[in-house]
Amino acid sequence: MDTYVAALLLGLGPGAVYAALGLGLVLTYRASGVINIAHGAFAMYATYQYAELREVGDLVLPVVGLPPRIHLTDTPSFALALTVSLVMAALLSLVTYLLVFRPLRRAQPMMTVVAAVGLTIALQQVAVIQFGTGNRFLTPVLPQHALHVAGATVSSDRLLLAAIVVVAAVGLWAVSRWTMFGLATRAVADDEETTALLGRRPAWIAAVNWMLAAVLAALAGILVAPISSLNPTGYSLLVVPALAAALIGGLSSFGLTVAGALAIGMAQAVLLPLQQDVSWLNQQGMRELIPMIGVLVVAGRRGTLIPGRSAGAVATAPLPVVTPSRRPLAGLLVGVVVGVIALFVLAGNYRLGLERSLAAAVVCLSFVVLTGYVGQLSLAQMTLAGVAGFLLARLQGELGVPFPIAPILATIAAAAAGLFLGVVSRRLRGVDLALITLVAGVAIQQAVFGNPLVTGGLKGSSVPSPTVFGLDLGISGDGFPRTRYGLLTLAVLAACGYGVARLRTAPLGREMLAVRANERAAAAAGIDVRRTKILAFTLSAAIAGLGGCLIGYSQGRLSLDSFGVTASLLFLAIAAVGGVTSVGGAVVAGLLAPNGLVFTALDRMFGLGEYQQVLCGLAVVALAVLRPAGLVHRPARTSRRDAAPPDGSPDPSGRSGGVDARLAALPGWLPAFGWLPTSRRPAGSGRSTGSGRPVGAHRADRSGGAA
């Protein structure tokens, strides 16, 4: 019993970190309606900054390509390092809010998730470039005295961490209840526009809350660093259990958030001795399943993860229109011809980059089906691809199942995993679905991909080359990278791309678009909404599984990093850059994939290979603000007869003539600095409102559901 008591008390340490991060998530959501999954990355970078100041006295700016280090002192003190780190976290959060999330306040809620993904990827890679990938352990900040509690011995820093977050939660509750700033924050959460009419500035109220959240996150990261190894990926993913705790608190209650976080931390800690006593619990990744269980319980009890904001919240922009391909067969032939010529013309690293891009484009096609057609956002597509990839290694490598039977079976397994995910999350959509797939992706990564029996441990899993009738179609061999593998990948991409393009005009595709536009209206029209969403998940997972098989053949040996959560986030980022509403967007996204053709060219010409994830993350952020539909998307044109009349009255497209039409074209970042013309068009007005309104264009509420 003493062992379990000690484990419970030790769990207060990580639970306190989850609580601090969870409090920050509650602050940002209450003030701006944003679920900032980049919150853990802010804490990670601030902790690295603290470590650098304590060790060498350098200020390391979160930039690359410029001299980022500024030497401050030869004798750094704790007070200086802590102060500078907290200030940097606050300023980084302020700049992020003003330049990224404030302009996205009227965008689709899913775009805030995409932007946060881009920030996470960029900050992780910046930390890798500036500080390296090795684990670092810091000097303890809090005293570590042995305390005897209920017959168990525990270090005092765990109890102090828990006490600090409890005091912080009480302080935040008191501020929100009895101060003018707290009341204004609550008013912004209820009705932003009315709060502005009363003389308050919602943008700056939200900005202060964002800075406060970043300071809490940075402080928690610094205090827990001595008892947890510091690395870019692990620290960034601390946001997952923190998110589970914030969802337990309904993204509104500080007390319930802290209680949920401490409970998760203690449950994870007590699982360690329990696994020694109960043999069937002694499995890899069981600790990461606890946050997922908590999120599933919340979703089951409430029917949703994120509580909807009031009707007074600002309206969001319509989803981008999914235009049908006019001549899919002609586009297929042109694309195949161009691909074949490129495979034979290019050589060496350029051909290798092109072949990797073709495989990545297949994975990106899965986002077109799931996100572009149905409006569902998944952060676990590469996890589904990994199911097929690792199973392919077992089937073809160890069991001797021949090609093409092995990749077909692996693809069916990925489709089955997608079917299960679709059934579990059939009641969710938008940001809710993104969050639950993020939590599930982390759990599967640790519980399944982290199991040496599945992935082969440190040595990884070997994937034999595909062979048919004695012809080796693998990438390795004479003339590496061989054109045969490129032709195989091109054929799979062409078949999948043609199928996805034809799906847009098929009855199932039209049902998907109707579900994306308005689930209630689709159900009223006789469409089985849940069946349509489950089919979309299954088909999307199958396409991702095919991409996972191609990636396995390309790499030859798969490891945990091949299909981890970071890979899922990165593929979502490049898919968003290319555009998730068309096959062409998926092809462009494949060209931008890690080690793909574009970044191979950038590395060979300008030596920018190590900056590819930074550039990709920043591109996602910029496009989320300036061009959320992606590079390939072409907005619908407005005919002359729909133009605004000379007197300036509104036209059918929702725009107005004269000065208002010019003001509507101003950049979206101007309101971030408090400048908003009074004659600007009403928030949320769409491109088309008449009977000719395209399928898929609608407004959504802050939680991502159809309005």
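Tutor: Helices (H or I, at least four residues) and strands (E, at least two) are DSSP runs, numbered from the N terminus. In this chain there are 28 helices and 8 strands. The model is predicted: local features need pLDDT of at least 70, side-chain atom pairs count only at pLDDT 80 or more, and totals for chains, interfaces and linings use all residues. Residues are numbered from 1 along each chain as its sequence is written, and side-chain values use heavy atoms, with hydrogens and water left out.

Student: What share of the 707 residues is buried?

Tutor: Buried means under 20% relative accessible area, exposed means over 50%, and partly exposed lies in between (1.4 Å probe, protein chains only). Buried residues account for 54% of the chain.

Student: Which helices do the buried residues of helix 11 pack against?

Tutor: Packing is read from contacts, that is, heavy atoms within 4.5 Å. The partners are helix 2 (12-32), helix 3 (39-56), helix 10 (232-236), helix 12 (254-277), helix 13 (286-302) and helix 18 (430-449). Helix 11 (residues 239-248) is largely enclosed by the rest of the structure, because 9 of its 10 residues are buried. Just after this helix, Gly-250 has a positive phi of about 65°.

Student: How many Å does helix 27 reach from its first C-alpha to its last?

Tutor: The expected span of a helix is 1.5 Å times one less than its number of residues. Helix 27 (residues 612-626), with 15 residues, reaches 21 Å, close to the expected 21 Å. Its buried residues, including Val-614 and Leu-623, pack against helix 4 (78-101), helix 5 (109-131), helix 24 (565-578) and helix 26 (597-606).

Student: Which side chain makes a polar contact with that of Arg-482?

Tutor: A polar contact is a pair of N or O atoms within 3.5 Å; within protein, one must be able to donate a hydrogen and the other to accept it, and residues adjacent in sequence count only if both atoms are side-chain atoms. The partner is the side chain of Asp-472, at 3.0 Å. The Arg-482 side chain also reaches the backbone oxygen of Ser-476 at 2.9 Å.

Student: Where is Leu-61 placed?

Tutor: Leu-61 is in the loop between strand 1 (58-60) and strand 2 (69-71). Its relative accessibility is 30%, so Leu-61 counts as partly exposed.
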